[in-house]
Amino acid sequence: MADDGMLLNFSIPETGILNKPKFKGGSWRDRLSAKKAAGHWHAKASGRLNGEESVPKVSRNANHTALGERTKAPSPSHDFEPQAKRARHTGEFKPASKPTDDPNFRPHTDSDVSNRPGDKPKGGRQIISSLFSYNPESTTQVISKEEPTDDAPVEPSNAPLSSELDTFTSLGLSPSVAAHLLNKMEIKAPTAIQKAAVSQLLKEDSDAFIQAETGSGKTLAYLLPIVQRLIELSANMKKRKVDEAVQRNSGLFAIVLAPTRELSKQIATVLEKLLGCAHWLVAGTVIGGEKKKSEKARLRKGLNILVATPGRLADHLEHTQALDVSNVRWLVLDEGDRLMELGFEEEIQKIVGNLNNRMRAKKDASSQIPGLPEKRTTILCSATMKMDVERLGQISLKDAVHISKDPKDKDAEMDGEDEDHAFQAPAQLKQSFAVVAPKLRLVSLISFLKRAFARKGSVMKVIVFISCADSVDFHFDIFTNDLVESSEETKDEPTTEAATQDSSNQKKPKGSKGAIAQADPTKLTVTHATSSILSPKTHTVTAYRLHGSLPQSLRTSTLAHFTKNKEPAVLFATDVASRGLDLPNVDLVVEFDPAFAREDHLHRIGRTARAGRDGRACIFLQPGCEEGYVSILKSDRKDGEVGVHIARQDAPEILKKGLVTSGVVGKDRNEYMEKATDLQLQIERWILASPARLESARRAYQSHVRAYATHGAAERVYFDIKQLHLGHLAKAFGLRERPSGMKVPGLRTGAGRESVRRGAGTGAKAAGGNAAEVREVDPSEEAAKMRKAVRAREKFMRHAGMADEFNLG
Ligand SMILES: Nc1ncnc2c1ncn2[C@@H]1O[C@H](COP(=O)(O)OP(=O)(O)OP(=O)(O)O)[C@@H](O)[C@H]1O
């Protein structure tokens, strides 16, 4: 891990810890040796402050240094020993040639801040480094202003078709359904995937694999033909006078399986709206999160279409006698790749086997409903045609037709060409990337969002994707608390350690109202609050949080609130919000932490630019190897690298635009630096003022590092944990501690560390400690690496409560 620059970066208060400490207790010998040691380090550190350079033995890794230090008997001077060490300048991490990009800038030192009440050293080990010194340099060229921008209008790729010939009736839907779509759902014309899927599924009873980009209307693409066929079945029954029409107790004809409860609910809502044109058809859900008894009662009453999560359906098939699936003729597996990723293979196998058996038994009993198709049609929807989706296809599909909006995509896919890259971002989606050094991440995010919400109406809804639940909570708290008020309120607390955990007496932030309460890291029940930091004078911005550790009911109500909110709002979320969710008016997606894999990234940015609407997405990348990820962003577009312009922003530009009121840099070229530094110090003080906040920041930081280590094998070249600057990154969580003191995940100590080292046979490298250490012992074989990454990710997801976000009822 590149820790080198961090060691140069520590600034030392002129008062306080450099004053010779008094020694009490122990024998006189102990006191004498402690005093000598302190004197030695005091002289060393003071020398450095006076311009003397001391270059002791270099450690490549701060954690390594720290591990070594920990084995020594603690001395009073121990706290600032690492400051005397110098960084080695390696090719991987280059400290900036100047401490700042502005020659006139005087970075804030401790003397600037040590007189502030919240800055009292609490618990000893504090590092207050300047935001703008020793940041790594960008490795890619900054695109000059003259280069073409992507402002030219682009034809949306997922919009409804505009030709007068492309109508729902021309696809075979009845006029009443088409009229209902137009009048009640404001849907005038089909999208390209709806055109392809509806005509195919109405024409033939063959299985189908539907693949299309995000926001292209896949839900209606499979629901419309099913509902149309059931309307026809009903008409047929009426004609034959078998029954009045199809009723809720006529039988269960279709099942839609989705990987998450949120998605299932969303599909059920669309279905409910659609069934307004065939009110005698009844749909329902079994997705867990409520008592099985009520689900059973619903099944007993009878449903014609069921939306379910695989775990819960498999359970009911085993234990609920009232659930008769012998008439099921349509089975939809939505988000097939996600169903497999979440390990539903076994459940799906059970469900398919059960449906086959019951259908066969019913055929033998010759009690068929007239007009009901002979065979069952299974429809698999997936963004990608990866190995695991192929496996799902083997389990569930027979002679499937591949439906995609563009026949060329289909051919490429069938030929096995570049199968992952067949999944692309909507053409009209404007993408950009922000190159931001780790220390500047938090202030840059605040600044970026402030700018986005500055003008009322310019941006209504934003989703910020963050890698893990702890980090979502941390950022939600930062954005929903009045940092100045809260930190000053608690300034008289004796020390961080001595303060109590109770933060319930915190004041409400300015502008918070009604049910919107102030966020409190200890209270997960609060999932939305006014963001005073983002709210300009003219309007209020509400911040939301969403992740898998929140109770289901809270997740549902949070999403509903965010959806209904007509005012500007920002949602901080894990990938729980990345798949399939159709949240209206999201005009900006920020990937603050890059996704674990390209597909996840495409699903995330696909929350905007839906159904032909405009949308913007910005990803935060750190200078260095992460910048290589831009090539992946370019592959999001059909035309690939050629001619694709992905706009770039750099931290100074973001900070100027967001923090300097006018957005224009006038006489004072350093204004943005000072504002950013003040903001950072405010955050640090606010965190230090409460043990609960400090704990939350540490947890967020540690989970973030853990999550970072689980990037997919294909992308580890960009997101290499060994290159991650742990010390600088800690600053983005408002922490003033050394990473080694925080027990960074993967940092093994004692026997554990030794055994890993021996096993690795990599000696000194493995001794570098931290998460990278685990990686040193990876077998070189790529497949083994991938399995390991998958396991690590699963473990992480369990740890972060993310597995829980997927129904599994
Ligand atoms: N023909 C249409 N005309 C206009 N809007 C439509 C049309 N079909 C669907 N929509 C709207 O487009 C949005 C996206 O639809 P849907 O959620 O089905 O997309 P999707 O392809 O499943 O996306 P994802 O891959 O992200 O799950 C919804 O708000 C839906 O109401």
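Domain bounds, as used in these legends, come from an automatic or database domain assignment. The structure shown is a predicted model.

**View 1. The two domains of the protein chain.** The protein chain is divided into domain 1, residues 168–403, and domain 2, which consists of residues 423–483 + 525–733. Between the C-alpha centres of domain 1 and domain 2 there is a separation of 36 Å.

**View 2. The side of domain 1 that touches domain 2.** Contact between the domains involves 17 residues of domain 1 and 18 residues of domain 2. On the domain 1 side, helix H8 (261–274) and helix H11 (336–341) each contribute at least two residues. The most is given by H8, with five residues. Sorted by class, this side of domain 1 comprises two nonpolar, eight polar and seven charged residues.

**View 3. The shell around the ligand.** The ligand lies between domain 1 (168–403) and domain 2 (423–483 + 525–733), because both domains give residues to the shell around it. Of the 18 residues around the ligand, those that come nearest are Gly217, Lys218, Thr219, Gly580 and Ala611. Helix H7, which spans residues 218–239, gives the most to this shell, with three residues. By class, the shell holds six nonpolar, nine polar and three charged residues.

**View 4. Glutamate 186 in a loop between two helices.** Glutamate 186 is found between helix H5 (175–185) and helix H6 (192–203). Most residues other than glycine have a negative phi. Glutamate 186, although not a glycine, has a positive phi of about 55 degrees. This residue is exposed, because 7 other C-beta atoms lie within 10 Å, and a residue counts as exposed at 12 or fewer.

**View 5. Aspartate 399 in a loop between a helix and a strand.** The loop that holds aspartate 399 runs between helix H13 (387–396) and strand S7 (401–404). Aspartate 399 is not a glycine, yet its phi is positive, at about 45 degrees. With 6 other C-beta atoms within 10 Å, aspartate 399 is exposed.

**View 6. Alanine 713 in a loop between two helices.** Alanine 713 lies between helix H23 (691–708) and helix H24 (726–731). Alanine 713 counts as partly exposed because it has 17 C-beta neighbours inside 10 Å. Glutamate 155 is 558 residues away from alanine 713 along the chain, and the C-alpha atoms of the two residues are separated by 34 Å.

Notes
Residues are numbered from 1 along each chain as its sequence is written. This is a predicted model: local features need pLDDT of at least 70, side-chain atom pairs count only at pLDDT 80 or more; totals for chains, interfaces and linings use all residues. Helices (H or I, at least four residues) and strands (E, at least two) are DSSP runs, numbered from the N terminus. A residue is buried if 20 or more other C-beta atoms lie within 10 Å of its own, exposed if 12 or fewer, and partly exposed in between; C-beta atoms are placed from the backbone. A residue is near a molecule or strand if its C-beta atom, placed from the backbone, lies within 6 Å of it. Ala, Val, Leu, Ile, Met, Phe, Trp, Tyr, Cys and Pro count as nonpolar, Asp, Glu, Lys and Arg as charged, and the others, Gly among them, as polar. Two residues are in contact if their C-beta atoms, placed from the backbone, lie within 7 Å.
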